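Please walk through the protein shown below with its sequence at hand.

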Amino acid sequence: MTLAIVLAAEAPAASLPTRSGEPLADRLADQLRRAGADEVRHVADLDELAAVADTATGPVLVTGADLVAHTAVLRHLATSPVGPTVALVLTDPPGEGRTAVREERGQVVGAGPPEALDGGATGVFGGALRVGVDDLPSLAAAARAVAAGVVPAGAASAAAPAGPAVDRLFAGLTGLGTLTFAQRVRLLVAHRVADPSGLAAAEAAVAAVDEDRAELKLSVKERDDFFTTFFVSTWSPYVTKASAKLGLGPTGVTMISVAFAVAAAVLFGTGGRPALVAGAVLLYLGFVLDCVDGQLARYTRHFSAWGGWLDTMADRAKEYVVYAGLGYGATQAGFRYGWALAIAAITLQTVRHMTDTWYGVLHDEAARRPRAVGTSGGGIGDKLNAASNRVQADTGSVSYWLKRTVVFPIGERWALIAITVALFGPLVSLYAVLAWGVLAFAYTGALRTLRARWMWVPVLDTVDATLHRDDGPLARVLPVLRPVGPLTLAVGAALGPAALLVTALLTRDGAEGLRWAVPAALLVLLAAGLGAGAAHNGPLDWLVPAALRAGEYLFAIAVGVVGGVPPWLIFGYVFVLTLHHYDLTARLEKRQSAPPLHGVTLGWEGRSVLLALAAIVGFAGIGMATLGTYLLVVFVGSVALAWVVLPARAARASVGLVGAGGRSPG
């Protein structure tokens, strides 16, 4: 249940008559209901607001009574998926008493009078915010503190805040350290007014914009990659509009996209020019639908944790199924190592994604603590960060598009696959993906490493390091080798499996004779467990999860080569591992808890030990197939529990509690 509060305190515009004749505060209340609020209350002062926040059981929307905006602006605020607490941020010049905002990576990192932000203001508070359930105590505390004239610790100004009550409330909430995300207004209209002339001008601006057409345009990401921007988003909104009219939901579009990708993979494996061209077309259309599902969610405002998780998982599964089709097609065309290239592609891309995820977490942490992170000493990290920000701000320039393209985002990957497979075939397509992927990995890795040393934020200390390292029981009981550091141990541990794999691939007389080397490679890999209990607070420890993924995958591939396991089975096993690991990263990005069955996935070291034992006794193929099947069953079971069984059980329990609470005694 969403509660909306119209805070009329110190807002003279609240009683101004609108075009329809009703007071502005009353029209705002009606708009909030149409935006999705279940209940709307008019609150006279901050003390009353604090009392309401104390008893609220769901998200709370708070608006001042001087806001003139499209209803869609309030609906976007109420349904924003970026975080539990979100504030409306405008580009209007800050008026008297208005609260200026400084944001980084979409997070509000400072709020107060413009002069208190040292010229770093990026916008002005729009007079409305949504507060998540977990932040309601902070909302109540900020309201009481501001009402008493107290400046919350961490506020941008040491003086008692001035201006409308809603502005002072927001500054106080930010001063308490509440993580707040910025909701920008684009294409639609939102203005704060103080007099009849301002109200008339704002109402005229609202009336001049077609709300539905603007919402359809807003469904397209504001900043996307080159291929997506110019070859997909130019026409995908029409598909989005048609999907909405047909009653298709984002999940349905995602499933159709998966079907297109699977069909393309089958055609790539079939071979023959007509099949390859048809597969390329289906792959392109599948990517269009992959964009449409997100656009449809934004257009209809149908967001859910399940939908976000499914979209992330489906994107990776589709791409890796295509790699399988390319590997099979190259093998059928007579190239001996077609599956090997597919295995290399899935491994490279997964490790890259792990670095993307954790660097993003690092960057977000750095943005939340700009004063405590590093210094402005003018080092190379500072210069790279400033240069990157300049390029990102220069949208549409050649350098902007080069920067967005060189990192090989998903649109460019799918376009490259479609073009190369249609013109040349699966083998060339795999080589192209690997070549560009390695270049992008080297480029982003080098720059991020330098920038990360500037940020120096203890990333894994802010999340469950054991969970996202994917440690099992063995790693947790190993002693801690603190002087070496978890990253050095993880990278060094990956070298053992890498050496075994290279040796096995170069062995002319077959790799069976290398079974004796498997235990040695395993011991080197297990050395990474010596860093499990150490503090992961080094400037580069965001690379630890990716290094552990690389070590485990390389060991599994090496065991498969040594044990003579069919390459398609090795690919399948690595594919199942990627599902497990993407589940963890998707939950991190969507702020979800650990998978319900994570405790029985054995950890990277437990799985590696079992594979090593199977290889030593001569049953590497059987061991890999059995373990892969077990992990797939656990993954499916975990998904069913997390998204079906447990939510249904919680809903039944909630209904039972409501029924018990409403039952009369006796």
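How many salt bridges does the count come to? A salt bridge is taken here as a side-chain nitrogen of Lys or Arg within 4 Å of a carboxyl oxygen of Asp or Glu, and by this rule the count comes to 24. The model is predicted, so local features need pLDDT of at least 70 and side-chain atom pairs count only at pLDDT 80 or more, while totals for chains, interfaces and linings use all residues. Residues are numbered from 1 along each chain as its sequence is written, and side-chain values use heavy atoms, with hydrogens and water left out.

One of these pairs is D66 with R98, whose closest N and O atoms are 3.3 Å apart. The pair links distant parts of the chain, 32 residues apart, with D66 in the loop between β3 (60-64) and β4 (67-69) and R98 in the loop between β5 (86-90) and β6 (100-104). Helices (H or I, at least four residues) and strands (E, at least two) are DSSP runs, numbered from the N terminus. D66 is buried because its relative accessible area is 4%, and R98 is buried with 16%; buried means under 20% relative accessible area, exposed over 50%, and partly exposed in between, with a 1.4 Å probe and protein chains only.

The side chains of R192 and D167 also meet in a salt bridge, at 2.6 Å from N to O. This pair too links distant parts of the chain, R192 being in strand β10 (residues 190-192) and D167 in helix α5 (residues 165-175), 25 residues apart, and both R192 and D167 are buried. A further salt bridge joins the side chains of D471 and R469, 2.7 Å from N to O. D471 counts as buried because its relative accessibility is 3%, and R469 counts as buried at 0%. Salt bridges that share partners join D66, R98, D167 and R192 into one network.

Two packed helices are described by the angle between their axes and the distance between the axes. Helix α21 (residues 517-526) and α24 have axes that come within 10 Å and cross at roughly 175°, where axes are lines fitted to C-alpha atoms, for helices over the stretch in contact, and angles run from 0 to 180 degrees between N-to-C directions. The two helices, α21 and α24, are therefore roughly antiparallel to each other, a term for angles over 145 degrees.

On the surface, L610, L613, I616, V617, F619 and I622 form a nonpolar patch with about 570 Å² of accessible area together. Such areas come from the Shrake-Rupley method with a 1.4 Å probe, and for residues only the protein chains shown count as cover. Patches are made of residues with over 30% relative accessible area and no salt bridge, like charges being joined within 9 Å and nonpolar side chains (Val, Leu, Ile, Met, Phe, Trp, Tyr) within 5 Å. Helix α24 (residues 603-616) gives the most to this patch, with three residues. F619 lies in the loop between α24 and α25 (620-661), and F619 counts as partly exposed because its relative accessibility is 48%.

A494 lies in helix α20 (residues 486-506) and is buried, with a relative accessible area of 10%. Leaving aside neighbours within four places in sequence, A494 is in contact with A547, G551 and L554.

Definitions and conventions: Parallel < 35°, antiparallel > 145°, perpendicular 65-115°, else oblique. Contact = heavy atoms within 4.5 Å.
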